Amino acid sequence: YLVSLQPEMLDYIRSNKRHVGKKNRERLLDLVDKIKRTEEIVAIEAIEKKVIDYKRRRAKAHAMKEMLDLQEKGELDDETWEKICRKAIEKRDNILSVINYNDDNSLEKRIKRRQKQVEEEFPALFIDPIDNNIRSIPRGEYILVLAKYNIGKSTAAVHIAKAFAFQKYKVLLFTLEDPAEFVEDRLDASLSGIPMKKLIFKSSKLRRRLKKALAKIRGDIRIVDGTDGNMSIQRMEEIWENFRNQGWTADLIIVDYDEGVAPSEHYKGDSGERREMMEVHRSFKRFVARDMLWGC
């Protein structure tokens with residue numbers, strides 16, 4: 001940071017000419033020289049935080065200017081607005097976390113971390129071969145279901161939604177390929193044990209079985225139909241936040257399926273689709289990690 005301190009200060013002075021003045025400019029530059037000559041710097045974390053906060057403010061100010069310029073030109077559409085805002089909000093510095101494994105304090109931290117993990121929630125998936133051999137995932141992580149086309153990924157998503165709901169968790173399921181009615185039918189079939197193709201002929205049995213099954217569900221499932229093709233991760237976050245503001249906070253976010261998510265940015269070339277998919281998964285990971293949710 002000492003190397004970049006003087007350019008950052010000069011940039012600050014240029015951006016605030018009216019408030020800084022000539023005398024304060026000289027004082028600030030003298031202060032930078034004194035800091036650079038200091039042999040030992042203390043409170044590195046505090047300095048680091050101030051620098052990062054300053055860069056984030058600059059990023060937001062730059063975003064505002066960019067949007068105003070585009071607005072004056074009549075070129076600020078919704079997609080560009082969303083893209084600029086996201087870049088400003090997600091502005092981060094690549095700071096690496098380095099751990100000294102041999103340090104005694106590091107050992108104590110690992111012991112405390114494992115003790116804390118005992119208290120963490122690892123919901124069962126109601127799939128015996130998995131539940132009997134491994135635990136599921138903690139909050140802040142997401143499950144990825146892989147299978148060939150038309151093998152049962154959507155059925156797996158519904159099963160996981162049901163499993164979490166039985167364990168008192170609230171589930172927000174985004175269906176991006178099949179209409180919401182299909183998801184309702186899969187849930188009815190899964191909870192009642194009646195095959196989907198026979199639901200229309202077994203209405204009375206469906207009512208009886210669902211009444212018993214729903215009485216055991218301590219959580220809740222809500223379905224969002226995103227088959228219009230405009231469902232991005234940011235839009236999912238907004239929907240989740242709207243429900244939370246209404247007093248209903250989902251614990252598990254299910255997206256069926258990832259190829260139906262609208263990317264925040266389109267890339268050209270042979271690797272364009274792969275880059276878009278990587279960005280979708282990174283955004284989803286940030287979403288569930290930021291709000292300590294489960295994802296699928």
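Asn150 sits in the loop between α6 and α7. Helices are DSSP runs of H or I with at least four residues, strands are E runs of at least two, and both are numbered from the N terminus. The model is predicted: local features need pLDDT of at least 70, side-chain atom pairs count only at pLDDT 80 or more, and totals for chains, interfaces and linings use all residues. Numbering starts from 1 along each chain as its sequence is written, and side-chain values use heavy atoms, with hydrogens and water left out.

Phi of Asn150 is near 60 degrees, a positive value in a residue other than glycine. Asn150 is exposed, because its relative accessible area is 68%. The classes are: buried under 20% relative accessible area, exposed over 50%, partly exposed in between, with a 1.4 Å probe and protein chains only. Lys168 also is not a glycine, and its phi is positive at about 80 degrees. Lys168 lies in the loop between α7 and β1. The peptide bond from Asp256 to Tyr257 is cis, with omega near 15 degrees. Tyr257 belongs to the loop between β3 and α11. Most residues other than glycine have a negative phi, and most peptide bonds are trans.

Gln167 is placed in the loop between α7 (153-166) and β1. Its relative accessibility is 17%, so Gln167 counts as buried.

**Salt bridges**

There are 13 salt bridges in the structure. The criterion is a side-chain nitrogen of Lys or Arg within 4 Å of a carboxyl oxygen of Asp or Glu. Three of them are tabulated here.

| Pair | Closest N and O atoms |
|---|---|
| Lys168 and Glu121 | 3.7 Å |
| Asp228 and Arg235 | 3.4 Å |
| Asp291 and Arg290 | 2.5 Å |

Shared partners join Glu121, Arg139, Lys168 and Asp251 into one salt-bridge network. Lys168 is partly exposed at 43% relative accessible area. Glu121 is partly exposed too, at 29%. Asp228 has 46% relative accessible area and is partly exposed. Arg235, at 33%, counts as partly exposed. Arg290 counts as partly exposed at 46%.

**Nonpolar core**

The largest nonpolar core has 20 residues, and Leu172, Phe174, Met236, Ile253 and Phe287 touch the most other members. At least two residues each come from β1 (170-175), α10 (233-245), β3 (252-256) and α11 (272-290). The largest share, five residues, is from α10. Such a core is a set of buried Ala, Val, Leu, Ile, Met, Phe, Trp, Tyr and Cys residues joined through side-chain atoms within 4.5 Å.

**Surface patches**

Glu181, Glu184, Asp185 and Asp225 form a negative surface patch. Patch residues have over 30% relative accessible area and no salt bridge; like charges are joined within 9 Å, and nonpolar side chains (Val, Leu, Ile, Met, Phe, Trp, Tyr) within 5 Å. Asp and Glu count as negative, Lys and Arg as positive, while His and the chain ends are not counted. Helix α8 (residues 180-192) supplies the largest share of the negative patch, three residues. Asp225 is in strand β2 (residues 220-225). At 37% relative accessibility, Asp225 is partly exposed.

A nonpolar surface patch consists of Ile127, Ile130 and Ile134, with about 230 Å² of accessible area together. Areas come from the Shrake-Rupley method with a 1.4 Å probe. Ile130 is in helix α6 (residues 128-131).

How values were computed
Charge placed at Lys NZ, Arg CZ, Asp CG, Glu CD.
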